[in-house]
Each structure stands twice: as C-alpha cells, then as structure tokens.
Amino acid sequence: MYERHILICAGTGCISSGALDIQNVLIDELKKHGLEDKVRIIMSGCHGFCEKGPIFIVYPEDVFYCEVKAEDVPEIVEEYLVKGNMVERLLYKDPVSEETVISHDKIMFYSKQKRLALRNCGVIDPENIDEYIIRGGYIGLKKALQMEPMEVVNEVKSSGLRGRGGAGFPTGMKWQFGNSSPGVKKYVVCNADEGDPGAFMDRSILEGDPHAVLEGMLIAGQAINSDEGYIYVRSEYPLAIKRLRTAIGQAEKYGILGENILGFGFNFKIKIKEGAGAFVCGEETALLSSIEGKRGVPRHRPPFPAVKGLWGKPTIINNVETLANVPIIMRSGAEEFASVGTEGSKGTKVFALTGKVNNTGLVEVPMGISIREVVFDIGGGIRYGKKFKAAQIGGPSGGCIPDEHLDLPIDFDSLTAAGAMMGSGGLVVVDEDTCMVDMARYFLNFTKKESCGQCIPCRLGTTQMYNILEDITEGRGKPEDIDLLEELATAVKKGSMCGLGQTAPNPILTTLRYFRDEYEAHVIEKRCPALVCKALLKYSIDPEKCIGCQRCIKACPVDAISGEKKEPHIIDQDICTRCAACFEACPKKVLAVQVVSEGLPEMKELAVSKEGK
Amino acid sequence: MEKFIDPCCEKCFNSKEKPCDQFVECCLEGPLCHESEPCKKAREAIVDKYSHSSAFREH
C-alpha cells in the first residue's frame, strides 16, 4: 500500500520535454530519502495541458506541479514529500487572475471539460491492464457479449454516437450496415491515421488508454459478427504503436482477445498496420487499399466498405475517438451517454486546442458548448491581450468561424451550417495579427500536396486555387480572382471523388464568406490589413525616431540599410526582402522601424509601431 | 496474487482453455465462484495498490 502516487505525464509531448529524465531523477531521489516503497510512480498518458508540461501530480492530495524539469525533482521530494512544504513556484498560476491553483480540477482548463473519451488519459498507467479494469474497463465488452449482435447495434444507435473522425456519420447505422451485410468474414478497422496538422487527439487516446480502443473494437466485432480487426496507425506514432502492442499482448494473456473470449465463444484478433503517413489514407477507402498493400488512393463508393471493404469483405471503419466512446455506452447505457450533448450531437468531442490562446492542449467538451467557452474559459483567452479573430475548426478540411459567431454551439449541425465542420478535432485560434487569406493559402498548400492526384477536380483544382491565393498574397491578385476562386472552390467541392477534395476548399469558402474584405484589400488596394503578406509590406525607418545605432544595419542580411552612426538610417526598398530583421533589431525604446502596408496611393497609410504589432 | 490474471487460490479455474465468463466482474467483486476472505482481500489489495485517489474507482 503506497502513501502517495505521483503521476508524471508520459505522453509524447511531455516525454519530449523531459518526462523520462524526471522519472529517473525521481527514482533516485525517492531512494535517497527511503521513500521508494511509500511512493508509487505512474507514467501516465497525456493530461492534455501540453502548454504546461511536463506535468507532475501528487496524489492523494492532487497537487498539480507544472512545467517541471528534472532539476526541480529533488526540491519537490525534499520540500513537499518529506517536509510537507508546497513548492509554490511550480504550481499553476491562472493567466488572468494570477492566482495560484493547487488542484488540477480547480484549473479552468480542466474544470469546464467533460472527459469521456479521455477518461483514463492522465489517470492510469496505459501499460497496466489491471488499472484499466479497475476503472470499469471491459465491463462494456462483457455486457455486449451477453447480448445479441443486433442488440449491441441498437444500443449504439440509441446513444446517438456519431463518428468523430470527420463526417459525423451515425456509428450505429454504420454498424447496422455491417451487421446486415451477408458474409462469413467481416472486418473491424480502427482508423488511427490522424493527419491534420497540429491534431493529436487520437494519438493521445492510443498512448494514454489503448485498452479503451481495443474494447471498442471488440464490441464492434460482436455487433457485426466479425472475428478480425485492424488498427491502421501512422508510423510517426511510435509510442502509440508500442502501447497498443503492449495492450494487445496483455488482453490476449487475460483471455480478452483471441479465441473463446471470456468463455462466450466469441473469437477476435487485432492486428496493427503501420501507415506511411499520407493524409489521404485517413479517407476510409484509401486506408483499406493501404492495408491491402496497394497504393493508398480512394475507391469509388458505392459499394461502401460496410458492404465491400477490406479484401472485398464487409468492413466497418471507425475512428479512435469513436471507438473509445463505445465501452462507456455499453457499460453505462445509451441513455446516459445521450444525456450529454445536443439533440443532433450526443456526447463529447475532443479538440486539439492550438494557436493564439493562453492554454493550448487537448480538451474534451460536451457537444453544444460555445466556441467562446472553449476559447476564453478553457483556453484562457487570447495571448498578449490581443483580439480574437477566428477559430479554424476541423483542420485543413474545416472552416473558420469569426468573432460574430463566438457563441455558436459546437455540434455537427451548427458547425456545418456555419460553413465549417467538426472534422477530427483540430481547433486553431487566430488573433488580429493573422491574415485570413494567408491562412487559407497555408491550408491549401497542405491539401494540394496531400492530394493523391487520382481525380482531376482535386488534383488540378487545389493547385489552381493555391496559385490564385499565392498571387493574391504576393500582390499579383486581380479583382476577378475573388469570384474565380469562389467558383473554383465550389466546383472542386462538388466534383472531387473523396473527402479530401470535397473539403479542401472549406478554408477558402469560409474565409471568403466571413473575411471577403481582406481578400478585397489584397487584390484591390494591394495591402494586407494584418501586416502578414510580405510582398504587400514595406519596412521604413522614421528619421525622427532613429538614433543611428546601426543595429538594423548589422541585422540586415542583404545590406539594404545604410546610414552613418548617430544619423538616421534609410532602407533601400529595391534591396529589402522584408525579412523583418531590422524591425526585430531596433531597440524597444526607439521603435524607429515601422512596417506599413500602403495600398494604393489614395489609401491612407496604415502604419503600426512595434508596440502595436 | 500480484495481478488480476493470477489465480487467487486453487479454486480459481480461469484459464485460456477454460475461461471464466465472470472474470471481469471477479477482478473487482470476487471471488464469485467461492467464498474466501483472503481471496477477496487479495483482489482488494490490487485495487488499493493502484487507486491513487478516491475518484479513481468512481468511473
């Protein structure tokens, strides 16, 4: 029996920040103080608050130490574990109130969350099946095994669970198709090919609670009469793969995977297929081709995979987060699950909250929560007191939601109506310093490169849209480009074969819908209101403010600045590459270098000092 | 009994060849096929060992 338990976040992010070093020092320090038998160290999955990692929580008191480094560990052991004095400097400080918070559940980042899919992440040792069982694990499977397959399907249908991977298709309905498809051999596939830039929801679940995904797959297997499952996970997730392999080994040892599972005569085995990292393989038919050893390109649908999937057999494909929700539904009942969320979107959604917010990380919120609550309460508001501009929801396939829709509820239907989509859960917050045209260009660059090239609308359309956006951001845009872009985006959306092409224009369509004035400023006035697009900027030195310190001259990589010491300096606009090195080098007390986006001669010059920027 | 998969005594018959259909419940509430205070305590010891807070079992 241990007196204390110390949870160290061992998700990929915290490991990169030194969690394993912390563990090693802690082992030594506990030995040094004779505490090795009294304190248990748990290397847990991701706690979500990646902004503040590595995270180190002491139980049973629930003392939340954050941004801990290996060199802090002796102090924590000596001062807190031995003497009982709080190590104040490592406690969390609220960015708004500046109050110190001791327990993690009192931190706003956590207190507004509802963790269902992430219920065990940061709570258990993901490599210990016993801890999963203590937390109610495999009870849902047991219930499913006592039911007829169609009863399982109906329970999932009643829960209202919709796929968390992007499109939000009702999971129970998909399972029903799988169940009713004739055939002796059927497959369950877990889509763990998480490809959105900045998204790590699925990775965190796989790393922090792999048994939840295995249990979800087993229940799916029972529902459609399948005896074999595949987890398609990208090879860039080595820790997730390692923990999955460990979990599969443990489940087999415990008689939870394999033959005659728990004595119910149900057989199910799970294999892992490592993907090479192509974004398009997140599309279900491309994923199936990849598992089959073929090039990962989408197939025409119908027939849908539930009818003709892996190796031509009926196959259901569910995302990691979707599957992680299934054991809860079976264990606690569809009704309880459906009590969370909105009419059309039940349960919760996990988001990778990133961008210009104070608290970045992984958050799980009930469906129906407003964007405002996520950004300002959980996310702690915008960094440096800047103004919220938009939230890009759904990754590169999603769309942006502007500030006038901050109170929009986060659910499948509301987001779609607003032109965005739930997607897999990327949520990038941007502030007033973000150029929306440039952001659309950034996402198009991603989808253009990731297009498999099989269908013409996507292959050529994404390239053409990108070229137009590049022209606009580089000052070559023509007024007619805006309408052309809109027409092209609509055509690509309608004409593409798979979800990649059908959703790739979303960032363009939503930025055009909500930020058309920014496009017009770029193409008509030749200015970038957010002062981002280099070609539309000009750096100049205010001769009244310049003290002639020559710091900008030394910083300029292309020798575009001239001037004698203690004399005002001048930037040669023909040489200047707009790299901003002079802007950064100018002393804060001087602020002589200004960045301007002039626009047409009749436009009022827009100048912003370093402070303003 | 260090892990749930370990038999608590010779009366536990759970094995790959003869799996117990009450295995999962037995881990937390067992033993279910026989009465034994030491066997019950052995399971509780595993639960206590891993339960780092009162909320741990409130799932």
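Q: Which residue in β20(A) is the bridge partner of Lys538(A)?
A: This is a predicted model. β17(A) covers residues 538–541, and it pairs with strand β20 (residues 593–597) of chain A in the antiparallel sense, over four bridges. Within β20(A), the bridge partner of Lys538(A) is Val596(A).

Q: Which residues form the covered face of strand β17 of chain A?
A: In a regular strand, side chains alternate between the two faces of the sheet. In β17(A), Lys538(A) and Ser540(A) form the uncovered face. The covered face holds Tyr539(A) and Ile541(A).

Q: In what order do the four strands of the open sheet with mixed pairing in chain A lie?
A: β2 (39–44) and β4 (63–65) of chain A stand at the edges, with a single partner strand each, so one side of each has no neighbour in the sheet. From one strand to the next, the twist averages 20 degrees. The order in chain A is β2-β1-β3-β4.

Q: Which residue in β3(A) is the bridge partner of Leu7(A)?
A: Strand β1 of chain A spans residues 4–9, and strand β3 of chain A spans residues 56–59. The two run antiparallel and are joined by four bridges. For Leu7(A), the bridge partner in β3(A) is Ile57(A).

Q: At about what angle does helix α2 of chain A run to β2(A)?
A: Helix α2 of chain A takes in residues 19–32. It lies across β1, β2 and β3 of chain A. Angles are taken between N-to-C directions, on a scale from 0 to 180 degrees. To β2(A), helix α2 runs at about 170 degrees.

Q: Is Phe177(A) buried, partly exposed or exposed?
A: Phe177(A) sits in helix α8 (residues 171–180) of chain A. With Phe169(A) and Met173(A), Phe177(A) forms a nonpolar surface patch, about 260 Å² of accessible area together. Buried means under 20% relative accessible area and exposed means over 50%. Phe177(A) has 39%, so the class is partly exposed.

Q: What percentage of the residues in chain B are buried?
A: Chain B has two helices and zero strands. Its C-alpha trace spans about 35 × 20 × 15 Å along the principal axes. The chain exposes about 3500 Å², with 48% supplied by carbon and sulfur atoms. Of the 59 residues in chain B, the buried share is 41%.

How values were computed. Residues are numbered from 1 along each chain as its sequence is written. Chains are lettered from A and ligands numbered from 1 in the order in which they are written. This is a predicted model: local features need pLDDT of at least 70, side-chain atom pairs count only at pLDDT 80 or more; totals for chains, interfaces and linings use all residues. Side-chain values use heavy atoms; hydrogens and water are left out. Two strands pair if DSSP finds at least two bridges between them. Contact means heavy atoms within 4.5 Å. Patches are made of residues with over 30% relative accessible area and no salt bridge: like charges are joined within 9 Å, nonpolar side chains (Val, Leu, Ile, Met, Phe, Trp, Tyr) within 5 Å. Accessible areas come from the Shrake-Rupley method with a 1.4 Å probe; for residues, only the protein chains shown count as cover. A salt bridge is a side-chain nitrogen of Lys or Arg within 4 Å of a carboxyl oxygen of Asp or Glu. Buried means under 20% relative accessible area, exposed over 50%, partly exposed in between (1.4 Å probe, protein chains only).
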